[in-house]
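Biologist: I am new to this structure and would like a close look at a single part. Please take me through the surroundings of the ligand.

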Amino acid sequence: MTGRAVVKGIGHYLPERIVPNAEFEATLDTTDEWIRTRSGIERRHFAAEGETTSDLASNAARAALADAGLEPDDIDAIIVATSTADLTFPSAATMVQSKIGMTRGFAFDVQAVCAGFVYALCNANALILSGQAKRVLVIGAETFSRIMDWSDRATCVLFGDGAGALVLEYQDESGTNADRGILSVDLNSDGRFKDLLYVDGGVSTQTTGQLRMQGNQVFRHAVEKLTNAAETALEKAGLENKDVDWIVPHQANIRIIQGTAKKMGLPMENVVVTVQDHGNTSAASIPLAMSVGKARGQIKQGDLIVTEAIGGGLAWGAVVLRW
Ligand code: UT7
């Protein structure tokens, strides 16, 4: 017998306001056509004034708890993956803890930008396998609209706001790769590339800052690093690309998603794609895609999933899990 961190419930939340590409045409030298063909994005959601990351995260958390049939106090730990917490401190996770009415356990944030949810899943897995928590609420939540430079057409048309949440629970399994739950993980970062994607402000500089990205440079790294991480994670689990039912990729650009699937020798029929509706929601993109993929009837119990992401740092990684 082996312990595994198994998905017990999932949910997501998107802010009400939907912004189609055409809205940017009024203020920027851009077109719906350019945004669609270069990124695959058609629309994105933006948080309302006063609506914060922990609000989005709490709504997603409530949906995941309802899906799992659990109450807040059934949870032992909350991990929020975010780069856009409400305040410098306390963590967005403790704010979620308070907002959903959870009065026990512990909560903290993980910051690995777009790879944040993959990092958070690995942390939750470690807490569960080491016996420190039986149930962990893993959330990816972002309000990237708050760190956009609205005059930079190369970045502000790409990002959106949203949140997704997953409940992981300890379960005894057989110890083979036919088990449900997280089967393997692969995390990487390389700080030599820190200038390719960053926010030019922060606490130490007493500013909030705005996102800066050399998009085509990040693009060059993405397909190779994502494929390597996904294949390394599969190898660690003793599995092959052909065993994968669903790739659930970070939703940054349809061309990166297609390139990675192609390099892995998998058709797009095996990929959950939501980038057209959400844009790039950074750490929220994977749990959002998982939740939508399940709601669409794509992801079913027993399916083998590889999820992968890359972002600022550069930081990237992959997780293999059986739903
Ligand atoms: O989630 C974290 C990780 N981030 C990513 O994965 C993002 C990775 N990068 C990308 O997705 C793509 O590089 C972008 C979508 C950001 C850009 O696509 P690209 O094909 O790499 O275009 P580019 O940056 O090389 O720009 C091509 C042209 C440039 O004009 P010139 O220099 O050829 O005259 C840009 O100025 O497109 C121009 N451009 C635009 N034109 C119309 C840049 N943004 C826009 C725009 N509308 N919004």
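Modeller: A word on terms comes first. The domain bounds come from an automatic or database domain assignment. Keep in mind that this is a predicted model.

Now the shell itself. It draws at least three residues from each of domain 1 (2–173) and domain 2 (181–322). There are 23 residues around the ligand. Thr30, Arg38, His250, Asn253 and Asn280 come nearest. By class, twelve residues of the shell are nonpolar, seven are polar and four are charged.

Next, the site. H5 supplies the largest share, with four residues.

Asn280 places a polar side-chain atom 2.6 Å from an oxygen atom of the ligand. For Arg38, a polar side-chain atom lies 2.9 Å from an oxygen atom of the ligand. Asn216 also takes part: an N or O atom in its side chain is 3.3 Å from an oxygen atom of the ligand. The cut-off for a polar contact is 3.5 Å between N or O atoms. On its own, the ligand has 950 Å² of accessible area, and the protein covers 74% of that.

The loop between S12 and strand S13 (315–322) holds Leu314. The peptide bond from Gly313 to Leu314 is cis, with omega near -15 degrees.

Pro90 is found in the loop between strand S4 (77–81) and helix H3 (92–100). The peptide bond from Phe89 to Pro90 is cis, with omega near 5 degrees. Val113 lies in the loop between strand S5 (106–110) and helix H4 (116–129). Its phi is near 50 degrees, a positive value in a residue other than glycine.

Key
Residues are numbered from 1 along each chain as its sequence is written. This is a predicted model: local features need pLDDT of at least 70, side-chain atom pairs count only at pLDDT 80 or more; totals for chains, interfaces and linings use all residues. Side-chain values use heavy atoms; hydrogens and water are left out. A residue is near a molecule or strand if one of its heavy atoms lies within 4 Å of it. A polar contact is a pair of N or O atoms within 3.5 Å; within protein, one must be able to donate a hydrogen and the other to accept it, and residues adjacent in sequence count only if both atoms are side-chain atoms. Accessible areas come from the Shrake-Rupley method with a 1.4 Å probe; for residues, only the protein chains shown count as cover. Helices (H or I, at least four residues) and strands (E, at least two) are DSSP runs, numbered from the N terminus. Ala, Val, Leu, Ile, Met, Phe, Trp, Tyr, Cys and Pro count as nonpolar, Asp, Glu, Lys and Arg as charged, and the others, Gly among them, as polar.
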